[in-house]
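Good morning. I will take one structure and go through it part by part. Please look at the sequence and the model first.

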Amino acid sequence: MCGIVGYVGKEKAAPILLDGLARLEYRGYDSAGVCVADGSELRVCKAKGRLQNLCGLCSDGETLPGKLGIGHTRWATHGEPNDINSHPHLSQNGKIALVHNGIIENYAELKAYLMKKGIHFVSDTDSEVVVQLLEYYYKRFDGDLMRAVYRVLATIEGAYALGIICADRPDEMIAARKDAPLLLGYGDGCSFIASDATAIIKYTREVSYMEDGEVAVLTADSIRVFDAHHEPIEKEHHTIDWEISAAEKGGYAHFMMKEIMEEPEAIRRTISPHVRDGKIFFEGLCLTQEMLREMSRLYIVACGSSYHVGMVCKYTFEKMLRIPVEVQLASEFRYCRPIVDDKTLVIIISQSGETLDTMAALREAKSLGARILSVVNVVGSSIARESDDVLYTWAGPEIAVATTKAYATQLILMDMIGLYFADLLQAIPKEAYSALVEELQTIPDKLERILDQKETIQYHASKYFNHSSVFFIGRNLDYALGLEGSLKLKEISYIHSESYASGELKHGTISLVEEGTLVLALSLYSPLLEKAVSNIVEVRSRGANVLALTTERDRKEISKNADGLIVVPDTMEMFLPSLGVLPLQLFAYYVALERGCDIDKPRNLAKSVTVE
Ligand code: AGP
């Protein structure tokens, strides 16, 4: 969603801000803007639409002087996407500028209050309230900006990451956060703020993550951080351990394809630290065998694709561990009075570690006494920091909005967690456990074999890309996998697509199948092969074109009935979705390519969803 970058240093700020904003484009946005301090004047430039519009307006930053500035990419929530609603926002007298990520919940009441005091608003945003309130208190407190900032923070309700500059202080930037990510970057003779490290990694790898309630004051040579009571605090410094090339396309036409191609390696990186002598270890995990034994219920809570990982794990975990597994959408969790207590383990899955609904669910579960284990890709993210235990997927930065390698690594890490629990609880025989751990390590090579046949998948996509409606059908693990295949297709190709448990077809859905309907029949799960075949026959006899996904073992049987076939190597049941998802991601990619879609930045979507 919205992105923030701020710079104070010895170089011209505007080109650095625009470069940072370009690296934040992947988060999803509909307008962008920058504000620089030109001596004692603040100069704002903003534009609706793609960043190139903004770059055009200010000749790539050339026309904007000044060595201090803030920039923003906006994903509209309050007020339509247009130039005026874009950030940065200026206060009425033009002396204070602000960028904001998050939502100010009590903005309407504050706006009414300020309007009564004669303050004139120009935008429809909740964010403008913050900058107008700042000016109001700045004047009331005789130019004591920090006092005004603290007063404003005590008044506003909601979530925010803020970057603030003031014309009276052309060498200083102020940052504050609550429930929205913001990091501080320590450069050589310069300092940064950013909503994620991608924006500033070209300039520095040394960062600190701001915590809720903290306020930072940045100059070219120093960053001072204060707690909610304005007491100075020391921040831990972290070093970003990935290369800038990880966030660049590296010769691929799209990040999505690059990230799909990286899956085997990302999975190797996720598996290898935890497997030794045929066993899975999670060193540093505070969750003990005793705690696990006492757990009566397991929840998996997440959104979108991460939720689909949970859907797969419901099948695999329940079968292996024989404990009830509830998979819940994070956006529903806190509103459904979940049955959670101190005997509940809640596994939170999130690539970004910043999804607001997921974060809120985590806090709800924690307040009810549950133990939280999170599976996260972004090191140091809010979800990682608030969990009792965190395990990282080592997918590296994922830039395409549609997740691919992050989903793949989440799934494999969850399989490993399941196996680890099974070992601790002695839930499966030793031989079965060893065989599974052995097979786990073959998955990256098998994925490489699938990537070798990507032209076959491209061929199928070129045949079917014109369909306006697609159904994914399957049973058990195949059903859970279909949910992700369908989401992938609809989010980047804009084709309407649904995923159904095949057994449900006859209960209503089959009425939608007609001559030429495209059905992706997933039949990886061998125990239900016969049923998969009969469902394929059913839809074909009503005119559907069936593109089937199956394994080497079952290819003969399935090929007799399908119009097209995609085959993945054989593996043990648990790992079938890990192999099966790759062709579905490739299929969605090639279909979107044929349709000329904006693959990495699909319309209306954002990479990390930091509003409710
Ligand atoms: C899928 O391609 C999406 N990007 C989306 O569904 C995503 O999985 C969801 O928003 C959850 O994000 P998270 O894993 O960062 O919490």
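What covers the buried residues of α16? Before I answer, note that this is a predicted model. Helix α16 runs over residues 454-464, and its buried residues are Lys-454, Ile-457, His-460, Ala-461 and Tyr-464. They sit on the same side of α16, because they cover an arc of only 115° around the axis. As for the cover, it includes the helices α6 (255-261), α15 (443-452) and α20 (576-594). The strands β25 (518-523), β26 (545-551) and β27 (564-568) also belong to it.

Now the overall layout. The domain assignment of the protein gives three entries: domain 1 (3-241), domain 2 (243-441) and domain 3 (447-603). Between the centres of domain 1 and domain 3, taken over C-alpha atoms, there are 45 Å.

Next, the inside. The largest nonpolar core has 97 residues. Which of them touch the most other members? They are Ile-280, Ile-347, Met-414, Ile-417, Phe-421 and Phe-587. The helix that gives the most to this core is α13 (residues 405-424), with 13 residues. Domain 2 (243-441) and domain 3 (447-603) each supply at least three residues to this core. Apart from it lies another core, of 33 residues, with Leu-145, Ile-156, Ile-164 and Ile-174 among them.

Let me go back to Ile-280 for a moment. Neighbours within four places in sequence aside, Ile-280 is in contact with His-274, Val-275, Met-416, Leu-419, Tyr-420, Tyr-433, Val-437 and Leu-440.

Then there is the ligand. There are 14 residues around the ligand, and those that come nearest are Ser-306, Ser-350, Ser-352, Thr-355 and Glu-491. For Thr-355, an N or O atom in the side chain is 2.5 Å from an oxygen atom of the ligand. A backbone N or O atom of Ser-305 lies 3.1 Å from a ligand oxygen atom, and one of Val-401 lies 2.8 Å from a ligand nitrogen atom.

One last residue. Thr-509 lies in the loop between β24 (496-501) and β25. Is Thr-509 buried or exposed? Its relative accessibility is 12%, and the cut-off for buried is under 20%, so Thr-509 counts as buried. Leaving aside neighbours within four places in sequence, Thr-509 is in contact with Phe-471, Tyr-500 and Glu-504.

That is where I stop.

Terms used. Residues numbered from 1 in each chain as written. Predicted model: local features only at pLDDT ≥ 70, side-chain atom pairs only at ≥ 80, totals over all residues. Heavy atoms only, no water. Domains from an automatic or database assignment. Buried < 20%, exposed > 50% of the residue type's maximum accessible area, 1.4 Å probe, protein only. Helix = DSSP H or I, 4+ residues; strand = E, 2+ residues; numbered from the N terminus. Arc of directions from axis to C-beta. Contact = heavy atoms within 4.5 Å. Core = buried A, V, L, I, M, F, W, Y, C linked by side-chain atoms within 4.5 Å. Near = heavy atom within 4 Å. Polar contact = N/O pair within 3.5 Å; in protein donor to acceptor, adjacent residues only side chain to side chain.
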